[in-house]
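Good morning, colleagues. I would like to take a few minutes to go through one structure with you. Please look at the display.

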Amino acid sequence: SVDFVVEPLAKELGASRVIANVLEEESGKFTGRLVGPAVADDEKRVRIEAFAEEAGYDLAGCAAYGDSYSDLPMLSCVGEPRVVS
């Protein structure tokens, strides 16, 4: 998902940080391109591990939820992986 879709839910849940795709903007309009690599597949794991290191979280004590085969790298880096549908 993109940041402006996920951020209201995160705020409602009390989350302090969102890891999401960011759409590029030019002259106040979206270009259709992403800023940086897509948050998908192994990039999810990369970003979660970077955030955990920065915030001082031990991922062995963290949970992640995924609904796709492409979520396996993310699920493999936490102690409490959960598959949902």
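Where is the place of V18? V18 lies in the loop between α1 (3-13) and β1 (23-26), where helices (H or I, at least four residues) and strands (E, at least two) are DSSP runs numbered from the N terminus. This is a predicted model, in which local features need pLDDT of at least 70 and side-chain atom pairs count only at pLDDT 80 or more, while totals for chains, interfaces and linings use all residues. Residues are numbered from 1 along each chain as its sequence is written, and side-chain values use heavy atoms, with hydrogens and water left out.

V18 is partly exposed, at 25% relative accessible area; buried means under 20%, exposed over 50%, and partly exposed in between (1.4 Å probe, protein chains only). Not counting residues up to four places away in sequence, V18 touches V6, E7 and A10, a contact being heavy atoms within 4.5 Å.

Let me turn to the salt bridges, defined as a side-chain nitrogen of Lys or Arg within 4 Å of a carboxyl oxygen of Asp or Glu. The count by this rule is eight. D71 pairs with K44, with the closest N and O atoms 2.4 Å apart. This pair links distant parts of the chain, as D71 sits in the loop between β3 (63-66) and α3, and K44 in helix α2, 27 residues apart. D71 is buried, with a relative accessible area of 2%, whereas K44 is partly exposed at 21%.

A further salt bridge joins the side chains of E26 and R33 (3.2 Å, N to O), and E24, E26 and R33 are linked in a network.
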